[in-house]
Amino acid sequence: MASLLFYLSASVLFAQSTFAFNCSQPPIYVDIHKRAVHGTDVFQYGSFIGVGNPAQNQSLWPSLRQNQTSVASIHYCDNSNLTNCAQSTRGNFDPSLSNTFIQDPRYTSLDSNTTSIFNSSYGEDTIHLYTHFFETDAAFQNVINNYTLEVANAGSVSPGIVGMGLSSTLLQELFDNNMIAGRTYSLYIGSGMDRAGGVINGSNTFGGYDAGRFTNPVHRYAMNISDSNPLSVTVTDIILDSSDSSSSIQNISLFSPSAFPTLKSAPPPFEAKITTDQYPLSLPHALTQNFISLLSATPSTSPDASLALTKPFNGTLTLVLSDGFRVTLPPDVLVNASSLTPIAASPSNADGDGDGNADGPFYLGAAFLTQLYLMADFDSYQFFLAPAIQQQLAVMPVSFCPKATPAPYAPPRQTGFVQKGLIGAVLGGVVGGMAVVTFLGCVAVGWRRGGAAREMRRAERRLEREGKAVEGVGMERFEVED
C-alpha cells in the first residue's frame, strides 16, 4: 500500500512538473541577418519578425535589458535626432495598414528605464516569428495574436527592439501559449552589423539553444535579479598580446603595476554587465588609460565613442573572468579596417585618481558577444556562456528546459574503419578488395573443378557403353575428347 501511495504521489509530481515545463516542446529559431524591412529600402541587420496583418517585416535588435518589443512608427524619424535615422530604425510600422491593431492607452510599460528614450504608444497586434535556416529558402512562422506592442513615436536611439530582459513579454507570451518549454532564451549576436563589419549571421532561439553553435566548456553564472541589466560577470584580468614576436607588447596585463607605473596598486576585479545596447566595452578609468597608453589610442569620431589607434597593432585582447573563462577578441575585432577598437573612450563615473576604483557601471557590449554563445534561463535565474562556433553550416535547435545545463552537439561515436577516417577507408578497401578477389578465385576454381568432374562422369558413361574400363583414371590425367 505504501509503495502504491509513493507511486501515485510521484506520478502527481511528475504530472505537475510536466504541466509546468513541457520540455519536449521544440524551440523557436529566429535568425539575425540583414534584410529588407517595411518602410525603407535599406537592408538592416536584426531578428526576422513581422508585425500586424498583413505582416510588416522588421529586423529587430535583441535587448538583454528591455522587456517590451518595440517598433518605429512611420513618423519616428520626423521627431528623432537619431543619426542616419532612415537607415537605423530596423523597420517602420504603420498601424493603419494592419487589420488587427487595437490601441491600448491604459497599458503600463514594464520598462520604466525607457521613458526617457522613447515617446511611445501601445497597442495589441499579431507578431510573426519567422524561421528559415537558409537565406534562400522560404520562411515558416510562429504566430502570437493579441500581443502588446510598443510603438515608438520619437526618440534618440534605434527603436526596433525585441525585449529579452528579465520580464520579457515575448518569452512570457510564448510560454503562456505552450509554444516553448520555458522562459529560456539563447543568443548568438553574429558580426553582420555595420559596426562589426563582419559577414557572420546571428540567431535567437526562444525556449531552446542551437547545439551546433557552441563548444565546451559551458560556464554557469547567477543572474542579478535586482538589476534591470541582470546578466553580469566579474572581470579579473585583461591581457593584450601582439601577434608580432618583435613587438614589446607580449602578454601584458592592463592590471599590472609593473607594466604601468601610474598604477598605485593592481586594480581590483570589477563587475561588468553584458549588454547588446552598445557595441564597445566600457572599462574602469585606469584600465582604459592603460589601454590608451599602451596602444597609442585616441577618442574617435565614431557615434559609439570608441577609441581608435594611431599606430598599427596586430594582436588580441583577452578578458579573464572570475571562474577562469578566457574570452579573446581576435585581431580583426580588436582593430577594424578603420583603426577603431571596441573599447569605449569614456567609461562611466571614472574617479580620476588612477587607482582603478571607479564606481561604474561597466559594460561588455556586442563586441564581447561576437565571440560567445549566450544561454539564459529566466525561470531559474541563471545564464551560461560558451565559446561560439563562428561559422556553422548546420542549425541544430534543441529544447532548453529550465534548470538544465545546455550541452553542445556531440557527433555520434564512430567505430571500426569509420573511426579511423580516411586511412580506415583505404585499409578497409584494400582488405575488402582482397577478400572479394579471394572469394571470386575460390568460386572460379570450384567451377573449373566442378566442370571437370561433370566431364569425367560423362566420359565414364560413354566408355561403359562402349565396354571399356576406366579404373585408375584420375581427373588430372583425364582428357576429354571432343
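Buried means under 20% relative accessible area, exposed over 50%, and partly exposed in between, with a 1.4 Å probe and protein chains only. Helices (H or I, at least four residues) and strands (E, at least two) are DSSP runs, numbered from the N terminus.

This is a predicted model, in which local features need pLDDT of at least 70 and side-chain atom pairs count only at pLDDT 80 or more, while totals for chains, interfaces and linings use all residues. Residues are numbered from 1 along each chain as its sequence is written, and side-chain values use heavy atoms, with hydrogens and water left out.

**Stop 1: helix H3**

Select residues 285–295, helix H3. Its buried residues are His-285, Ala-286, Leu-287, Thr-288, Asn-290, Phe-291 and Leu-295. Step on to Ser-296, which follows H3 and has a positive phi, near 55 degrees.

**Stop 2**

Two strands pair if DSSP finds at least two bridges between them. Now show the open sheet of 3 strands, ordered S17-S18-S21 with antiparallel pairing. Strand S17 (297–299) and S21 are the edge strands, each pairing on one side only. Neighbouring strands here are turned by 40 degrees against each other on average, direction ignored. Those angles use axes that are lines fitted to C-alpha atoms, for helices over the stretch in contact, and run from 0 to 180 degrees between N-to-C directions.

Pick S17 and strand S18 (residues 306–309): 3 bridges join these antiparallel strands. Ala-297 stands opposite Leu-309 in S18.

Move to Ala-344 in strand S21. Ala-344 is buried, at 8% relative accessible area. Pick Ala-305 as well: the C-alpha atoms of Ala-344 and Ala-305 are separated by 5.9 Å, although the two are 39 residues apart along the chain.

**Stop 3**

How many residues of strand S19 (residues 315–321) are buried? The count is 7 of the 7, so S19 is largely enclosed by the rest of the structure. Show the side chains. Gly-315, Leu-317, Leu-319 and Leu-321 point one way, Thr-316, Thr-318 and Val-320 the other way, and all are buried.

Ile-238 has Leu-319 in S19 as its bridge partner. Thr-318 stands opposite Thr-328 in S20. Follow the hairpin of S19 and S20: there are 4 residues between the strands, and Gly-324 takes a positive phi near 95 degrees.

**Stop 4: aromatic pairs**

Rings of Phe, Tyr and Trp (its six-membered ring) pair if their centres lie within 6.5 Å; planes under 30 degrees apart count as stacked, over 60 as edge-to-face and the rest as tilted. By this rule the count comes to 12 aromatic pairs.

Select Tyr-45 and Trp-61, a tilted pair with 6.3 Å centre to centre and 50 degrees between the planes. Tyr-45 lies in strand S2 and Trp-61 in strand S3, so the pair ties together parts that are 16 residues apart in sequence. Both Tyr-45 and Trp-61 are buried.

Next, take Phe-48 and Tyr-130. This pair is tilted too, at 4.6 Å centre to centre and 40 degrees between the planes. Phe-48 belongs to S2 and Tyr-130 to strand S7 (residues 118–131), so the pair ties together parts that are 82 residues apart in sequence. Phe-48 is buried, with a relative accessible area of 12%. Tyr-130 counts as buried at 12%.

Then highlight Tyr-209, Phe-214, Tyr-373, Phe-384 and Phe-400, which ring pairs link into a cluster.

**Stop 5: the largest pocket**

On a 1 Å grid over the protein atoms alone, a pocket is an open set of points where a 1.4 Å probe fits, with protein on both sides within 12 Å along at least five of seven lines; lining residues have an atom within 4 Å of a point. Grid points are joined across faces, edges and corners, and a volume is the space filled by probe spheres set on the points.

The largest pocket has a volume of about 1,300 Å³. Its lining holds 36 residues, of which Leu-82, Ser-88, Arg-90, Ser-158 and Arg-195 lie nearest the centre. Strand S2 (40–51), strand S3 (56–63) and strand S21 (340–344) each supply at least two lining residues. S2 gives the most, with 4 residues.
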